[in-house]
Amino acid sequence: MPGPLEGLRVIDFGQFLAGPFGPMLLADLGADVIKVEPTRGDGMRGNVVGSFMGCQRGKRDIAIDLKQPEGVEIALQLVATADMVHHNMTLGTADRLGVGYEHCRAVKPDILYCNNYMYGAEGPLAHMGGLDPLAQAACGIEWEQGPVAAGNPPLWYRYGHGDVAAAMPSALALLIALYHREHGGGGQSMWMSLLHGAMLYTADSWLGPDGTPTSRPSLDARQLGIGPLYRLYETADGWLQLAAHRPEHWEALCRAVRRPDLVDDDRFATVSARDEHGDELGKVLEEVFLGDLAVNWRRALDAAGVPSEVSVDTWDGETVLFDGDLVRLGLVTEYEHPLLGRVRQFGNLISFSDTPGRQERAAPMLGQHTREILAELGYDDTAAEDLRARGVVTWPDDTYAWPV
Amino acid sequence: MAQQASGGASSGGAPPGPQALDGLRIIDLSGGIAGPLGVLLLAEHGADVIKVEPPGGHPDRALPASRVYNRSRRSVTLDLTRPEGRDLLLELCATADVLVEASGRRAMAELGLGYDDLRDRFPRLVYCSIPAWPSGVRYEDRPGDEALVHARTGQQWENTSFRSGPVFLHSAVASYGAMFLVPIGIMSALHARERTGRGQHVEVSLLQGVLSLTTQIWNWTDKGQFLLQKSHPPGVHQATIYECADGEWIHASTQAGITPTRTEASILGIEDVPLAQLFQMSPEERAAYEETKRAAFKRRRRDELIEEYHAAGLGAEAIVAPHERFSHPQLVATGAVVQVDDPEVGMTTQYGVPMYLQGTPGAVRGPQPLPGAHTDEVLASLGRSAADIAALREQGVV
């Protein structure tokens, strides 16, 4: 059974991460995604190899110089065959190049067109691009992870949290618009931004009628957790994440850590008493957990019905990427890259019972499918060679080396 | 321009124009973050979301977040542990396109509401599950929640900090990843239904939510592993965080995709050192230059600097607490800050709709409804008379 988006075609003019990651998700789900790449290469190629691989797999790649009129013509021929266009050019850039919404709509009236920005298509900063940290800063997660309130500097999340927060909802916006088109609506344009996406990470924060913010659980200065019962503890040989935050866990926890005396300790007798004496309880438990191995604590807590996990160092993800269960379930994928050999990455991010996703194609080399795609558009070999000779398109030759 | 959403009308304030998902009905049985917030992204583009919760309301209502996550939907209270309650849910399923649950496979099966129970009866239903651990993994029955998923998948070691060892992640990164994947999965399955005529089971585990964040950090190949720099303190972008005057913080991530009219150094009033020259400096020289730069930041007010950076075409943002973000000029200008009149606490300020569909704009459709606020109207739409509903209420089913 093919993937859920089999038969859809997406033209991806994006670069770096926030642009390409959304279309990659669509490719995972079965869409035919054509990456239209500048002939000088995506800005992410080269020194950020991993990040490039992590947001480009599953796509075919045609390298076109959009600064040349013939290049734009080819791009629009592709758009005419497509359902969706997606990119993250700064405001006005696509219009200047000739691949803006109006240009695309002229050749494909019901096209669904999504532009991903740093700040959005309107407002005083709309003209500015920007990178992931700007979104992380503005939404509050860096402040909270520091945590600044406890006297620490802010801390940036290493995931590209802001990029992902723009890329995923922009793929979603296209699918929402697709539903509308399939139910009698037409095509439309839409936009998404790193700023607007990242705000979802703190959507739970709101202001009351008098402007008072909601209270939020805060991290301690050592960044170990939120209170003594939902935090990391160091053990004799590693770290344990305890999640004993429900009232019914308390007594079982005391017995599992061989401290039944704590049950009768007035300082910790009730939820509010444990909150009030949180630091003391934390210190008691810190000493307790140092007394045995992490795995022994996990066993004891399992037997007592108290949730915990050993906090694993995966060594750059290796233990997860080679977990047999995750491979079998398709949550980790393996495929061949022409220059790098076997590749292991995360696989299906969504599991479908009837129309599973797939990952079969490595991140493309620059212009890897230029000839194939030109042929589909009706250009014969001579025409393609001629375009390449004039620098309108390019494709790799035998000397192509990774990274480009 | 702030949008307003009032809780007066029975189904929330209906937006003026057509929305993309008009006619799509979703039954939301979920709790936590990924279910309710993922569904919100569909509700505010027109989906008719019916939150089905136990009489008295879902326990998550105790959390402030619930007022945001459960906006723009109707609430029906049903006791699903009673046969009459379950039957009513099944009747509702017959009218729905999508069901979302986060109770776990076992709990749903015990209620007789597992995917296997519903598949043949409602062949067009898209059934979306949000467990912590993926079905079929050897640890699927272990207790699962946000931090436990972080721990097992190594995230506490991946997000490096000022010190070595694991770090508790304050942001619910697994749930937030899943929150995006849930509506993507639902919409993809609905698209597939156009072709196959059938619904299907869609599962997004919190573990998959974590995996969605590993695009930059976990890419293993035969030729080696390609990673974003890993160090204490974290590399790449942490280095552009600076303290300003009055203990305020700035993220001076300057790349803004446009040609700057001034250099960062000229704004800070320090010596302008070209990047190439900076890289040729000895570690001591480099540290001394960095010290000068840090001192320059500390002398200046954050907001003043940001204004100058932006005027020069350089990127920079204030690093703020979440509640301070409501005054961000871009959020204000794009109508992303909304006033929502909550029936319990009054007029609140919340973050609104993140996706901007130009032909069918999204909108907040109403506050979190009171538990069961729409029980009568929904049961009436199933053909129940007022007397029937009163009897069900008497029996504690609704």
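**A walk through two chains**

Guide: Let's start with a backbone detail: directly after helix H6(A) comes Gly140(A), whose phi is positive, about 105 degrees. Keep in mind that this is a predicted model.

Visitor: How do you know that chain A touches chain B?

Guide: Two residues are in contact if their C-beta atoms lie within 7 Å. By that test, 125 residues of chain A are in contact with 119 residues of chain B. Helix H8 (residues 161–182) of chain A gives the largest share of chain A's side, with 13 residues. Sorted by kind, that side has 72 nonpolar, 36 polar and 17 charged residues.

Visitor: Why are strand E12 of chain A and strand E7 of chain B said to pair?

Guide: Pairing needs at least two bridges between the strands. Strand E12 (residues 351–352) of chain A and strand E7 (residues 201–203) of chain B are joined by 2 bridges, so they pair, and they run antiparallel. Within this pairing, Phe352(A) stands opposite Val202(B).

Visitor: Let's look at some single residues. Why is Phe16(A) called buried?

Guide: The cut-off is 20 or more neighbours. Phe16(A) has 21 C-beta neighbours inside 10 Å, so it counts as buried. You'll find Phe16(A) in the loop between strand E1 (9–12) and helix H1 (21–28) of chain A. Its phi is near 60 degrees, a positive value in a residue other than glycine.

Visitor: What makes Ser72(B) count as buried?

Guide: Ser72(B) has 30 C-beta neighbours inside 10 Å, so it is buried. This serine sits in the loop between helix H2 (66–69) and strand E4 (74–77) of chain B. Ser72(B) isn't a glycine, yet its phi is positive, about 55 degrees.

Visitor: How do you know whether Leu113(B) is buried or exposed?

Guide: With 20 or more neighbours a residue is buried, and with 12 or fewer it is exposed. Leu113(B) has 20 C-beta neighbours inside 10 Å, so it counts as buried. It lies in the loop between helix H4 (105–110) and helix H5 (115–118) of chain B.

Visitor: Which residues is Leu113(B) in contact with, leaving aside its neighbours within four places in sequence?

Guide: They are Leu80(B), Arg86(B), Leu89(B), Met108(B) and Leu118(B). As for Val68(B), it is 45 residues from Leu113(B) in sequence and 27 Å away in space, C-alpha to C-alpha.

Visitor: Where are the cis peptide bonds you mentioned wanting to show me?

Guide: One runs from Gly146(A) to Pro147(A), with omega near -15 degrees. Pro147(A) lies in the loop between helix H7 (141–145) and H8 of chain A. Another joins His232(B) and Pro233(B), where omega is about -5 degrees. Pro233(B) has its place in the loop between strand E9 (224–226) and strand E10 (241–243) of chain B.

Visitor: Which parts of chain B make up its domains?

Guide: The domain assignment gives domain 1 as 3–215 + 344–394 and domain 2 as 238–325. The C-alpha centres of these two domains of chain B lie 42 Å apart.

Conventions. Residues are numbered from 1 along each chain as its sequence is written. Chains are lettered from A and ligands numbered from 1 in the order in which they are written. This is a predicted model: local features need pLDDT of at least 70, side-chain atom pairs count only at pLDDT 80 or more; totals for chains, interfaces and linings use all residues. Helices (H or I, at least four residues) and strands (E, at least two) are DSSP runs, numbered from the N terminus. Ala, Val, Leu, Ile, Met, Phe, Trp, Tyr, Cys and Pro count as nonpolar, Asp, Glu, Lys and Arg as charged, and the others, Gly among them, as polar. Domain bounds come from an automatic or database domain assignment.
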